[in-house]
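Okay, thanks everyone, I'll keep this short. Have a look at what's on the screen, and then I'll walk you through the ligand site.

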Amino acid sequence: MAPEPTKEYTMEEVSAHNKVDDCWLVIGNDATGGAKVYDVSSYLDDHPGGAEVMLDVGGKDADEFFEDIGHSNDARDELKKHMIGVLKLSQEEVEKRRLLAEKKKSAGAGGGGMGVIAVVVAVIAAGYFYYKNKVEQQS
Ligand code: HEM
């Protein structure tokens, strides 16, 4: 039997589903296999993080929130059960997402990484001067 074609939804369609009895979310990004659409209406009451947080992002792209919590593999398995389709992006939205992902990547690599290196260099330098000072005092 041929697999069912995956249904595609636009962000506009998703945004209409933002109520307690009708709550959809977009979760996923290029790194996790693409943005997908989830109908979480039946899961709201079972969500260990509460219904409120999910309703806040009902009808929206909740990928960043979902990833920031650091959801477990169990949560990701549960997520799969609620998938109803994939997000259909316009050319403009594809470009916007690409630029955003690129910006995030470079901020992550540059910002945090360089800061840690600077602290390590400063600690080594301080140790070196402390040691040098001590040796000079002794001689
Ligand atoms: C269908 C989508 C979702 C599923 C299946 C899901 C599942 C779960 C599960 C199983 C947990 C328990 C901890 C774990 O196993 O990771 C959890 C905790 C939590 N989730 Fe979700 N979640 C979903 C969406 C979201 C979204 C969109 C948000 C935020 C906007 C969110 C926020 C939280 C919070 C705040 C906790 C509590 C963390 C804690 O108290 O340590 N979840 N979720």
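Predicted model: local features only at pLDDT ≥ 70, side-chain atom pairs only at ≥ 80, totals over all residues.

Which elements give two or more residues to the shell around the ligand? Those are α2 (51-56), α3 (63-69) and α4 (73-81).

In total, 18 residues surround the ligand, and the closest are V40, H47, H71, S72 and L79. If you sort that shell by class, you get 13 nonpolar residues, four polar ones and one charged one.

Now to the iron atom of the ligand. Which residues are its protein donors? They are H47 and H71, each through NE2, at 2.0 to 2.1 Å from the iron. The iron has six donor atoms, with angles of 86 to 180 degrees among them, and the site is octahedral. For reference, ideal angles for six octahedral donors are 90 or 180 degrees.

And where do those two histidines sit in the chain? H47 is in the loop between β4 (36-39) and α2, while H71 is in the loop between α3 and α4, so the pair ties together parts that are 24 residues apart in sequence.

H47 has a polar side-chain atom 2.8 Å from a nitrogen atom of the ligand. For H71, a side-chain N or O atom is likewise 2.8 Å from a ligand nitrogen. Then there's S72, where an N or O atom of the side chain lies 2.5 Å from an oxygen atom of the ligand.

Key: Residues numbered from 1 in each chain as written. Heavy atoms only, no water. Near = heavy atom within 4 Å. Polar contact = N/O pair within 3.5 Å; in protein donor to acceptor, adjacent residues only side chain to side chain. Helix = DSSP H or I, 4+ residues; strand = E, 2+ residues; numbered from the N terminus. Nonpolar A, V, L, I, M, F, W, Y, C, P; charged D, E, K, R; others polar. Donors = N, O, S within 2.8 Å, 3.2 Å for Na, K, Ca; no water. Tetrahedral: all angles 85-135°; square planar, octahedral: opposite > 155°, others 65-115°.
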